[in-house]
Amino acid sequence: MSQSEDTAGLADYYDRYWAGADPAALATHSYRDFQSDLHAYVSKQLGALAGLRVLEIGPGLGSATLELAGRGAEVWAVDISGQSLVAVRERLAEAGQTLRPVQMKSEELAVASASFDLVYVEAVLMHTDWRRTVRECVRVLKPSGRAIFVEPLRHHPAVALYRSTLSSFRQTRPHYLSWSDFAEIRGLFAGGQERPFYLLAPFSLPLRGTPLRRLAVPLRALDRALLRLSPLKRVAWYLVASYSL
Ligand SMILES: C[S@@+](CC[C@H](N)C(=O)[O-])C[C@H]1O[C@@H](n2cnc3c(N)ncnc32)[C@H](O)[C@@H]1O
């Protein structure tokens, strides 16, 4: 299958997904409550945004977009799914915010070079030709620009088992990135920070919707301690990488 056919199939998948055609799948894959600590960390990494031009790739339903625009950035959002962009635009309008939605592929961004202060990418690289996407991110950033990538990683054993058996995302054939892929990405930037998240806490995910879901809190705290140990970082579920040119 050619890459353009692949992209069309993925766009169809996400059009149906974001239209809520399968609310159960949407609920299962919404980890935002569970990931409140990760998003608090991302919020700090974003820093001051007022007046900055921000490009978000793959906004989905726009949870991050809302924050970026709410903090005063001029936000452009690109996604292959038209339905995503409709949903994001509506959601921002309800919040009194505006954005520039553009339906396009991250591998070929039809935007000027050196034109954005920040590129924000969450849970998207796994679906793209990531080397081309990241090179495009670098191209569109101003000389002092920053990029924040929030990505699920490849090597958590229990998550990998779930992905290969139960996850409905497996039909999209994602390529989850590894630390060595991120070493390559880091090499395109002058510097930055990488923080891994979640080792044991994912075991509490099947308990969502029950009182035992609170187990996530101590497990996340334990994970913060364990993930200071280098060998364990390799099997973290998520990585937040914040790089500057
Ligand atoms: C897993 S969702 C993540 C959505 C959102 N960032 C979040 O974290 O909730 C991936 C999004 O990336 C979009 N996407 C996938 N491949 C893309 C590509 N090559 N170019 C632009 N967007 C893409 C999908 O349409 C979808 O909206």
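Begin by selecting Gln103: a polar atom of its side chain lies 3.0 Å from the backbone oxygen of Ile80. This is a polar contact, that is, a pair of N or O atoms within 3.5 Å; within protein, one must be able to donate a hydrogen and the other to accept it, and residues adjacent in sequence count only if both atoms are side-chain atoms. The model is predicted, so local features need pLDDT of at least 70 and side-chain atom pairs count only at pLDDT 80 or more, while totals for chains, interfaces and linings use all residues. Residues are numbered from 1 along each chain as its sequence is written, and side-chain values use heavy atoms, with hydrogens and water left out.

Keep Gln103 selected and display its surroundings. Leaving aside neighbours within four places in sequence, Gln103 is in contact (heavy atoms within 4.5 Å) with Asp79, Ile80, Ser81, Gly82 and Leu85. Gln103 belongs to strand S3, where Asp79 stands opposite Gln103. Strands (E, at least two residues) and helices (H or I, at least four) are DSSP runs, numbered from the N terminus.

Next, select strand S2 (residues 74–79), which is joined to S3 by four bridges and runs parallel to S3. Two strands pair if DSSP finds at least two bridges between them. Helix H5 (residues 82–94) lies across S2 and S3, at about 170° to S3; axes are lines fitted to C-alpha atoms, for helices over the stretch in contact, and angles run from 0 to 180 degrees between N-to-C directions.

Now show the whole sheet. Its seven strands form an open sheet in the order S3-S2-S1-S4-S5-S7-S6, with mixed pairing. Strands S3 (100–103) and S6 (191–197) are at the edges with a single partner strand each, so one side of each is left without a neighbour in the sheet. On average, neighbouring strands of this sheet are turned by 15° against each other, direction ignored.

Finally, select the ligand. Around the ligand are 19 residues, the closest being Trp18, Gly58, Asp79, Ser106 and Glu122; a residue is near if one of its heavy atoms lies within 4 Å. Helix H1 (residues 3–18) gives the most to this shell, with three residues. Nitrogen atoms of the ligand can be picked out 2.7 Å from a polar backbone atom of Gly58, 2.9 Å from a polar backbone atom of Ser106 and 3.1 Å from a polar side-chain atom of Glu107.
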